[in-house]
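Open the model in your viewer and keep the selection tool at hand. The stops below go in order.

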Amino acid sequence: MTDDITTMEAPALPYADAVPGAVVGADEFGIIVNRDKLVEFALYLRNNEGFDYLSSLTAVDYLGFEGRTAEDRFEVVYHLFDTKKGGDGVVLKVRLPEDDPQLPSLIMVYPGADLQEREVYDFYGIRFNGHPRLRRIFLWEGFDGHPMRKDWKEAYYEAEHKPFKSRWPNGHYHWAEDRVPWGDNVKYPQGWDPNAFEPAPPPLPTIHDIPGEEIKTDRVIVNMGPQHPSTHGVFRMIVALDGETVVGLEPECGYLHRNHEKIGERNTWLGNIPFTDRLDYLSSMSNNFGYVLAVEQLMGEKGKPPERAEYLRVIMAELTRIANHMWSIGFLLNDLGAFFTPALYTIQEREMILDLFEEASGSRMMCNYMRFGGVRRDVDEDWLNRCRDLVHNRIPAKIDELDEYLTNNEILLARTKGVGYLSAEDAIALSVCGPMLRASGVPYDLRRSRPYSIYDRFEFDVVTDDGCDVYARYRVRMEEMRQSVRILKQALDDIPEGPVFKGKPGYVTRVAKGEAYGAVEGPKGELGFYVVSDGTDNPWRYHIRAPSYINLNALAPMCIGYKVADSVVILGAIDIVLGETDR
Amino acid sequence: MANDQHIPEELQRNVFMTTVDFLYNWSRKNSMWPMLFGLACCAIEMICTAAGRYDLARFGMEVMRPSPRQCDLMIVSGTVTKKMAPTIVRLYNQMAEPRYVLSMGACATGGGPFKEGYNVVSGIDKYIPVDVYVPGCPPTPEALLYGILKLHEKVENQSVKTVPWYRKETPKGIAVPELGPDIFQPDRAEEIAMFTLRPIPAEES
Ligand code: SF4
């Protein structure tokens with residue numbers, strides 16, 4: 001919980017006199033702000049209080065929530081942090097009535113609000129006035145309704161909460177398809193005429209003029225994706241080109257939008273853990289980690305894992321980081337044209353780690369390993385020894401080998417040095433996180449600035465690089481693997497004996513009413529989970545602050561001015577995984 | 001190779017007789033190029049299958065082509081969303097015959113863990129015909145290899161005389177679905193209109 005408890009009892013509201021009329025109240029979890037003064041207040045917080053980083057922006061629909069009326073049905077929630085001092089941030093909340101869900105956009109204060117505001121608009125239909133491109137981003141123009149609203153039901157809707165009773169009446173399975181007239185997961189509004197249907201025109205990028213270009217040539221719009229070998233999945237970008245130079249770029253997401261958040265609200269708390277595996281499917285262990293941390297905040301003492309489990313979590317999370325960076329470096333080289341050969345070597349190392357995961361959790365990729373208050377299964381001494389062998393011998397040697405072949409490679413240098421420049425100020429303003437942010441020289445790593453779990457016990461360096469380009473991002477990843485090895489060595493030495501799970505395993509988790517934001521420094525950056533509980537067995541709201549998605553804020557600014565071939569490399573260096581980008 | 005007596009003796013060691021089917025299927029089976037196209041988590045396991053440890057090259061399949069024109073096999077590796085479905089159907093139409101589809105994983109087969117999702121298609125076979133289904137979430141590389149071997153078996157047993165792509169009556173493509181208020185197939189428009197445009201009966205309103 002990011003807010004100060006004392007503000008609750010104190011009669012004065014926090015920052016009450018900063019901007020007159022801005023703060024209208026406060027609850028245990030955040031400051032309630034008047035929407036008309038939101039921009040001014042955010043400016044004040046950014047300029048005077050040092051909250052320069054808008055981490056997460058989301059909304060909650062409180063339709064039918066205890067104590068809420070139509071007057072304050074929607075709530076837009078902002079999590080702001082300080083990248084210099086670190087520590088807990090501040091949470092702003094703006095409450096909006098049902099019939100007039102609009103508020104000013106914060107894009108001028110925090111440019112990183114761009115994609116997140118579009119996401120909220122898409123899901124909740126909340127309008128952000130002043131946003132220059134307030135279009136749908138995950139769904140398509142013309143989609144019927146705003147799906148995350150509590151009164152919007154899917155075609156296969158059965159009941160508010162799982163487990164659905166209708167699934168096994170008298171022990172027989174009923175196909176969901178049989179319940180809808182079309183035999184498929186679709187529904188159409190009354191009065192819609194399919195014969196008169198006209199598809200919406202495709203979105204076009206805003207074109208930026210590059211100063212110093214003398215000859216004016218025709219602009220060409222090129223579509224890349226969703227089926228393109230360089231987009232790391234089903235991402236699509238629409239690029240405006242002047243010759244070969246990128247003059248405009250529009251990201252288009254949603255080709256893998258799998259409705260994690262809507263499904264997450266129907267699942268039980270526990271049932272969401274396997275779903276987090278499928279977010280960033282290259283690093284399922286750290287996704288588990290972030291989610292259990294968030295929910296454990298709401299569970300009090302019961303949610304505190306035993307020592308051995310804490311160590312196992314750190315070991316798994318750091319192994320994941322190595323596996324992920326191995327993959328991303330291999331595929332960055334792919335994007336550079338070194339097709340598949342470097343990737344073969346890095347995938348080989350990842351396989352070694354996956355073997356350990358498979359033995360510990362039963363699955364190579366979808367580990368589903370962590371639980372509230374511990375981990376699912378203990379590992380034996382043999383496992384630990386093999387893990388030690390890996391981190392002491394094999395992995396460091398492989399990192400050195402990669403380093404030797406790649407880091408000073410002429411082609412790599414020529415293609416990545418000075419490409420995709422992103423200054424430190426821009427990176428912070430655009431809410432960029434993870435290795436991307438650190439490659440712009442900002443030493444912001446959640447393991448240090450807001451330590452969670454037992455990271456305060458380990459010695460490691462926060463890797464930064466002042467290059468601000470693709471090469472720096474590559475270097476940071478390389479070095480982070482070495483730091484992970486360092487943490488792993490310490491953790492494997494110190495791991496104590498003992499239980500790995502507190503309490504008895506059960507399907508239903510008792511979670512107190514309230515809300516929590518838990519975040520981990522995942523391999524891609526700050527992976528946050530914002531959960532709201534109404535005290536029942538299912539989350540009221542389950543939001544994922546997805547680093548790969550928010551890092552895309554910087555894609556257009558980084559690509560403009562470079563050649564189209566560079567945009568492929570720049571995208572590769574962001575290291576997106578579509579499962580997480582689109583959720 | 002039954003009628004060897006028609007062949008002059010000096011040629012008997014140099015000429016092999018076989019059926020067109022055998023040769024045709026043998027060559028297709030051993031150089032089946034998959035499309036370089038991944039949808040979701042299952043694609044990662046597909047890439048691992050192509051990498052060093054599981055080595056898809058053993059089956060003559062390491063040449064993954066990003067262009068559908070050069071591919072024989074589409075591995076639908078992951079969740080098919082409504083937004084993506086029109087693209088997949090279009091890619092399928094662009095592939096040259098003979099073409100095969102392998103549905104990899106629970107999602108591509110039936111929606112998988114995300115079946116209830118409002119943007120998820122309950123299996124790619126709602127739109128395009130599938131030859132082999134591989135269960136799992138994600139299927140391990142071994143499972144995918146087994147599925148591929150099953151597909152090879154299927155290819156082996158086909159005959160030029162009966163394969164659909166040399167027949168006149170075989171339709172050339174599949175109608176590409178469109179994204180309206182929800183995804184719909186244009187050839188079902190009349191059916192949908194009958195439902196959405198009917199006057200609402202008094203007892204329902
Ligand atoms: S079947 Fe499982 S692993 Fe495969 S795409 Fe679906 S969720 Fe991902």
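Between which chains does the ligand lie? Select the ligand: chains A and B are the two it lies between.

Some conventions before moving on. This is a predicted model, in which local features need pLDDT of at least 70, side-chain atom pairs count only at pLDDT 80 or more, and totals for chains, interfaces and linings use all residues. Residues are numbered from 1 along each chain as its sequence is written, chains are lettered from A and ligands numbered from 1 in the order in which they are written, and side-chain values use heavy atoms, with hydrogens and water left out.

**Stop 1: the ligand shell**

Show the residues around the ligand, taking as near any residue with a heavy atom within 4 Å of it. There are 16 of them, and the closest are Cys41(B), Cys42(B), Ala106(B), Cys107(B) and Cys137(B). Helix 4 of chain B gives the most, three residues. Helices here are DSSP runs of H or I with at least four residues, strands are runs of E with at least two, and both are numbered from the N terminus.

Colour the shell by residue class: 10 are nonpolar, four polar and two charged. Ala, Val, Leu, Ile, Met, Phe, Trp, Tyr, Cys and Pro count as nonpolar, Asp, Glu, Lys and Arg as charged, and the others, Gly among them, as polar.

**Stop 2: cis peptides in chain B**

Stay with Cys137(B), one of the closest residues to the ligand. Its peptide bond to Pro138(B) is cis, with omega near -10°. Pro138(B) sits in the loop between strand 3 (132-134) and helix 5 (141-156) of chain B.

Now select Glu97(B) and Pro98(B), which are joined by a cis peptide bond with omega of about -10°. Pro98(B) belongs to the loop between helix 3 (85-94) and strand 2 (100-104) of chain B.

**Stop 3: helix 2 of chain B against chain A**

Select helix 2 of chain B together with helix 8 (residues 341-361) of chain A. Their axes, which are lines fitted to C-alpha atoms over the stretch in contact, with angles running from 0 to 180 degrees between N-to-C directions, come within 10 Å and cross at roughly 115°. The two helices are therefore roughly perpendicular, a term for angles of 65 to 115 degrees.

Which residues make the contact? Helix 8 of chain A supplies Ile347(A), Arg350(A) and Glu351(A), and helix 2 of chain B supplies Ile44(B), Ile47(B) and Cys48(B). Contact means heavy atoms within 4.5 Å. Four of these residues are nonpolar, none is polar and two are charged.

Centre on Ile47(B). Leaving aside residues up to four places away in sequence, Ile47(B) touches Trp327(A), Phe331(A), Phe340(A) and Ile347(A). Leu144(B) is 97 residues from Ile47(B) in sequence and 11 Å away in space, C-alpha to C-alpha.

**Stop 4: inside chain A**

Select helix 7 (residues 307-336) and helix 9 (residues 381-407) of chain A, whose axes come within 13 Å and cross at roughly 25°. That angle makes them roughly parallel, the term for angles under 35 degrees. Among the residues in contact are Ile315(A) and Leu319(A) of helix 7 and Cys387(A) and Val391(A) of helix 9. The contact residues comprise 15 nonpolar, no polar and one charged.

Last, pick Cys468(A), in the loop between helix 13 (446-449) and helix 14 (470-494) of chain A. Its phi is near 60°, a positive value in a residue other than glycine.

Notes. Parallel < 35°, antiparallel > 145°, perpendicular 65-115°, else oblique.
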